[in-house]
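Visitor: Please show me the structure, and then I will ask about it.

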Amino acid sequence: MRDFTLAKYRELCEAVLKGYEPMTVKSYLMQNPSGSVVIMRHDVDRKPESALRMAELEKEMGIKSTYYFRMKKGVFRKDIIKKIASMGHEIGYHYEVLDKAKGNFEKAIRIFEEELKAFRKIYDVKTICMHGNPLSKWINRDLWSVYDFRNFDIIGEPYISIDYKKVLYLTDTGRNWSTKFSVKDIVNVRSVLYDIKSTDDVIQVLNDRRIEQICISVHPNRWSRNFGEWLKEFVWQNIKNVGKTGVRLYDRSFR
Ligand SMILES: [Zn+2]
């Protein structure tokens, strides 16, 4: 089966449900659970229709996850946001205000307030998550080194509020997972090295159940419904990867 298709995503969800309790970011932060959980997070960077399809699939499987929408024409689609929310998923705000304000913090926080207000006209947003634009020289979450999101009745930001010493973070970075990590096997007193490239590798980690808490971040637009879509995304990702080697772009989310 081709990777990064909705069919493959369904397999991933099945593996989550077998050994873990799926959670939204909000419920994770509010409950601070101690058991085996997978925080399911989605960044809706473009193509909100693909988020809707993923949300429907999850709903059908009894999973509730969090969808972070950018405030951008064509992405901030009220109809789609309302539909996804009506399925029981959490909606969050995928902010990029330092980029929009070109690094001006005062302007950035004003934009943040305005955009949050626009979100709250249709949904009571409680968590936010920064968008990482590889072409930008700003890191949007730096806003919170000056301001406090709690003053905006926000309970958390996954990049700040989740303890990644406790929670393994896995993300689909452009049709790839690319992570290497090792886990101490308590019973056999040896380390298990995971080299994660494909979704099947992620499924293997879930099936092993050696790791108690995991956060899976998935971009719905990277997962296609049919071969035509899959091919389009394949070409797009390859163009972007060529660009990446040319100007040395990299994922800034974790600097
Ligand atoms: Zn994003």
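Guide: To begin with strands (DSSP runs of E, at least two residues, numbered from the N terminus), β6 (residues 167-171) and β9 run parallel and are joined by 5 bridges. Strands count as paired if DSSP finds at least two bridges between them. This is a predicted model, in which local features need pLDDT of at least 70, side-chain atom pairs count only at pLDDT 80 or more, and totals for chains, interfaces and linings use all residues. Residues are numbered from 1 along each chain as its sequence is written.

Visitor: Which residue in β9 is the bridge partner of threonine 171?

Guide: Strands β6 and β9 run parallel. In β9, threonine 171 has as its bridge partner serine 217.

Visitor: How many bridges join strand β2 to strand β9?

Guide: Valine 38 stands opposite isoleucine 214 in β9. Strand β2 (residues 37-44) runs parallel to β9 (residues 213-218), and the number of bridges joining them is 6.

Visitor: At what angle do helix α1 and helix α3 pack?

Guide: Helices are DSSP runs of H or I, at least four residues. Axes are lines fitted to C-alpha atoms over the stretch in contact, and angles run from 0 to 180 degrees between N-to-C directions. For α1 (residues 6-19) and α3 (residues 48-61), the axes are 11 Å apart and the angle is about 35°.

Visitor: Why does phenylalanine 4 count as buried?

Guide: Phenylalanine 4 is in the segment before α1, and its phi is near 60°, a positive value in a residue other than glycine. A residue is buried if 20 or more other C-beta atoms, placed from the backbone, lie within 10 Å of its own, exposed if 12 or fewer, and partly exposed in between. Phenylalanine 4 counts as buried because its C-beta neighbours inside 10 Å number 22.

Visitor: Is aspartate 153 buried or exposed?

Guide: Aspartate 153 lies in the loop between β5 (128-130) and α7 (158-161). Its phi is also near 60°. With 11 other C-beta atoms within 10 Å, aspartate 153 is exposed.
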